[in-house]
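Subject: Structure handover

Hello,

Here is the structure I promised to pass on. Please open it alongside this note; what I found follows below.

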Amino acid sequence: MTRNVSLIALAGAMAVSAPASAQDSGDLREEMAQMREQMAAMAARIDQLEGELEDVEAEAVAAKAEAVSAGTAIAAVQETQKEQDSASIEFKGTPQVEADGGWSFKPRGRLQYDAGFINAPNSTGAEEGFGNDVRRARLGISGDMPGGFGYKFEVDVANSDLAVTDAIISYEAGDVDIQVGQFNNFQGLEELTSSLHTSFIERAAFTDAFNFIRRVGVGVTYGAGDVLVQGGVFTDNMDRLSNQNWSADGRVIYIPKLGDAQLHLGGSLHYRSYEDGSTVRYRQRPLVGFTSERFINTGNLGAESETGFGLESAIISGRFHAVAEGYWQNLEMPVGMDDPSFFGGYAEVGYFLTSGDTRGYKGGKFDRTKPANPVGEGGMGSLQINARYDRLDLNDGGVFGGTQDGYFLSLVWKPTDYTMLLANYGRLQYNDAVLPTATGDTSYGVDSFGVRAQIDF
């Protein structure tokens, strides 16, 4: 349109500028030729300007698109930053990451190094003297997922042996928690308390003697108010799955508060069915785990099934705590043989020498002790003394595995929440020991001493 207007204007200008008087035809033709040249030049210039205008418009469109794209990228960065800002990192031994939507992640691990000695009558032939051991060296992860799901996975690499300890998928809905995988069965307070939080270098003798180990299965925990109920069905440990043996375990505890004191009362039931031709063996070390000697031992016994009954009680009041457990293990042997019943149990008292400290307790088991005045914050950490009597009787029904009476003392120093140094002394009195002296004596005493350095995260 701009071009047409320009041409009309030029034509008009030509008409107006034409001379009134007649000119010779030569002058007119020359004039007309010049005007055509001017009009052609002006048309070319108009074409050039229109092209430049189209280029400018294209650049404007491209710039607008880039601006929109940049705005989208900025919005995306801002949204990502917003999501990152919604995550929090809390230090609990190691960084624990928690994010909106129910996500969390935490690396975990522990290292326990033990050393000490045992002293037994020389003529028994038992290995004695100094011993040491990397008792546990675990690495793993745990956390939560959206929808109430959780996970935990740990492996132990102590002494260059790789073994899976916990391998758990969990689901929590209100007061009910469901676990699937490999974990500790519900066989009493001492067994369920983590090795990080026990008051002695090893758990009570019966827990190891009666083969309390982690097994693969499914477990359900219901907790409401002062009552906790646990039950599950299990097969074998992950490294020895037979798919023939199975067990069922249940536990009920009552955990009320009496003023400032925490009370714990409970019982457990265990039943295990063995495949045909199975054998079991009940035996135990003298307090420490760095020796392979067992002075009491039933040897291999034919087994069709076993049934266990446990009772447990504890109280925590300020610096003081007391705990006692008893466990009866009944073995059903093949037809024609007597069915023996064995017993294990212990009683313990403990007291913190440092002000403001108390033994940790959570979820029906002992938990982490957190020093009121840790090292690094102007204090010395927590210092606790403990005394325990431990009994294991493997004599019954024609089986003479021996009896062990242990008298133990421990001193536990926790500089911080995640570090511990522990010293134990134990005097073990044996009757019907499976390692007689040169004179045939099976009743004698063994001294045991052990120390542990521990760190966890």
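A residue counts as buried when its relative accessible area is under 20%. By that cut-off, 41% of the 457 residues of the protein are buried. Please keep in mind that this is a predicted model.

First, the overall picture. The protein has 25 strands and four helices. Take the contacts between residues at least 6 apart in sequence: 59% of them join residues at least 24 apart. The protein exposes about 23300 Å². Carbon and sulfur atoms supply 58% of that area.

Next, the cavities. How many of 30 Å³ or more does a search of the whole structure find? It finds four.

The largest cavity has a volume of about 130 Å³. Its lining is made up of 14 residues. Nearest its centre lie His197, Thr369, Gln384, Val412 and Lys414. Two strands, E22 (382–396) and E23 (399–416), each supply at least two residues of this lining. By class, the lining has six polar, four charged and four nonpolar residues.

The second largest cavity has a volume of about 50 Å³. Its lining consists of Glu202, Arg203, Ala204, Ala205, Gln284, Arg285, Leu287, Asp390, Gln404 and Phe408. Here the classes are four nonpolar, four charged and two polar residues.

When you look at the model, start with His197 and Lys414, which are among the residues nearest the centre of the largest cavity. Then go to Asp390 and Phe408, two of the residues that line the second largest cavity.

Best wishes

Key
Residues numbered from 1 in each chain as written. Predicted model: local features only at pLDDT ≥ 70, side-chain atom pairs only at ≥ 80, totals over all residues. Heavy atoms only, no water. Buried < 20%, exposed > 50% of the residue type's maximum accessible area, 1.4 Å probe, protein only. Contact = heavy atoms within 4.5 Å. Areas by Shrake-Rupley, 256 points an atom, 1.4 Å probe, with all protein chains shown as cover. 1 Å grid on protein atoms, 1.4 Å probe; cavity = no way out; pocket = protein on both sides within 12 Å on 5 of 7 lines; lining within 4 Å. Points joined across faces, edges and corners; volume = space filled by probe spheres on them. Nonpolar A, V, L, I, M, F, W, Y, C, P; charged D, E, K, R; others polar.
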